[in-house]
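Please have the sequence and the model open while reading.

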Amino acid sequence: MTAAHHPSAVTAARRTHSRAAFAHARHLIPGGVNSPARAFGGVGGEPIFFQSALGQRLTDIDGNTYLDYIGSWGPMILGHRHPRVMAAIERVLTTGTSYGAPTEAESDLAELIIAAVPSIEKVRMVSSGTEAAMSAVRLARGFTRRDRIVKFAGNYHGHVDALLVAAGSSAATLGVPNSPGITEGTARDTLVLDYNEPEQLDDAFRAQGDTIAAVLLEPVVGNMGLVVPTPEFLEAARRLTSRHGALLVFDEVMTGFRLAYGGAQELLGVTPDLTTLGKIVGGGLPLGAYGGRADVMDHVLPAGKVFQAGTLSGNPLAVAAGMATLEELRDTSPYAALDRRGARLEAGFRAAAAQAGLTTWTARVGSMMTTFFQSGPEPVPVTGWKTAGPSDTDRYAAFFWGMIDRGIYLPCSQYEALFFSAAHTDADIDATIAAAVEVMGGMAS
Ligand code: KE4
């Protein structure tokens, strides 16, 4: 279903500069944006252009402020312009921002990542989550000398050719499961199964286990909206990959340092062979990473023969922002407070939907949450793309715009998780719930 247009009538007049900026941008940049997730395709209307942010708040170019529940799609777990992160960046501005040569700071960040993430013995830095996923896939194929990759419908791993098949995130929102430009040859080596259906994994490994290089998954899914794995699913993925000599790869670009300091794998108690990271690990600057078993990572050039490279990989500015962010998370451990506020927000949204007589399914882990709007009489548990896909995206769009009218900036797609930061206060959460009560009340079927 494509979302009907729900431009917020109440405040559209307050976003005249955004409208003009968008009209101008579209002449210069495809779709007027540098990433489709920002284009508001899933909620109709036009994207809002921003000029600044501080803590939990964003300010658009018309001067309107919003409580930020995207946080740059995950990186801003400390809130925008955290003093410790800003100070670290300012220090680098006095020395140099890129050398194309090694620096000690990269080893310091590597040590921090290795100390934090249970599965990582060695790590390589890159410049995005996509690059981390692309590199991990190539490494898994090079290490196992096998071709096939297993991924799951509704999981998104960046715009990697081999993985842009039935992807979640903006690809799912835009209803483009297979992007033009992906060759048959590429897609042939990617097996797409259903998340949380371990019997499909059993069947795949029984049929072709000796051709599978890796199973790649989001250990808690953000990219079809939030979906939690069942223990049986993760157990099957770990057991079957071990038994058949394939690698288990956790894509923790979203969940890394978000759900716990050690990521989803610390919470779930499952140790993958490789982990990809992004977003928080760069503190909002361009930095991704992939790491894991040393015997696997030592196959990466120049230690081994699997090629991977990057001009700006591990650059001082991004490393400084990442270091400061991870040190602050290590020193302050905001996770219990994030979970407490998350529980408050979850209870508030559930109660608001019940009060309005709306059918919804809300899923949450820590400070990641999604309320799925559904069109049936009873809530349907969302366990994978088959139950996420049929969500009522028009209803979600109406909710989104109603919240925009009240200064609450939620993800511009039903198939995304919201994030909130350590800067969000109890009062912010309560104001968000109050807004949801009003908006959902006005949507009552
Ligand atoms: P980037 O290349 O965008 O840094 O990371 C790709 C990626 C990989 N893995 C996971 C689990 C991810 O969530 C992402 C990127 N997430 C999207 C939001 N769902 C980023 C927003 C965007 O594409 O603009």
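The points below are grouped by topic.

This is a predicted model, in which local features need pLDDT of at least 70 and side-chain atom pairs count only at pLDDT 80 or more, while totals for chains, interfaces and linings use all residues. Residues are numbered from 1 along each chain as its sequence is written, and side-chain values use heavy atoms, with hydrogens and water left out.

**Nonpolar cores**

- A nonpolar core is a set of buried Ala, Val, Leu, Ile, Met, Phe, Trp, Tyr and Cys residues joined through side-chain atoms within 4.5 Å; buried means under 20% relative accessible area, exposed over 50%, and partly exposed in between (1.4 Å probe, protein chains only).
- The largest nonpolar core has 72 residues, and Phe257 and Phe399 have the most contacts inside it.
- Helix H12 (residues 316–332) gives this core its largest share, 9 residues; helices (H or I, at least four residues) and strands (E, at least two) are DSSP runs, numbered from the N terminus.
- Because domain 1 (3–68 + 334–444) and domain 2 (83–332) both give residues to this core, it lies between them; the domain bounds come from an automatic or database domain assignment.
- Another core, of 26 residues, lies apart from it and includes Val215, Leu234, Val270 and Ala388.

**Phenylalanine 257**

- Phe257 sits in the loop between strand E8 (247–251) and helix H10 (264–268).
- Its relative accessible area is 1%, so Phe257 is buried.
- Beyond four places in sequence, the contacts of Phe257 (heavy atoms within 4.5 Å) include Ile77, Ala116, Leu277, Leu326 and Tyr335.
- Phe257 and Arg330 are 73 residues apart in sequence, and their C-alpha atoms are 9.4 Å apart.

**Threonine 275**

- Thr275 is part of strand E9 (residues 274–277) and is buried, with a relative accessible area of 0%.
- The side chains of Thr275 and Ser119 are joined by a polar contact of 2.8 Å. A polar contact is a pair of N or O atoms within 3.5 Å; within protein, one must be able to donate a hydrogen and the other to accept it, and residues adjacent in sequence count only if both atoms are side-chain atoms.

**Ligand site**

- The ligand is surrounded by 17 residues (a heavy atom within 4 Å), and the closest are Ser35, Thr130, Asn223, Asp251 and Glu416.
- A polar side-chain atom of Ser35 is 2.6 Å from a ligand oxygen atom.
- A side-chain N or O atom of Asn223 is 2.5 Å from a ligand nitrogen atom, and a polar side-chain atom of Asp251 is 2.8 Å from a nitrogen atom of the ligand.
- The ligand taken alone exposes 540 Å², of which the protein buries 88%; accessible areas come from the Shrake-Rupley method with a 1.4 Å probe, and for residues only the protein chains shown count as cover.
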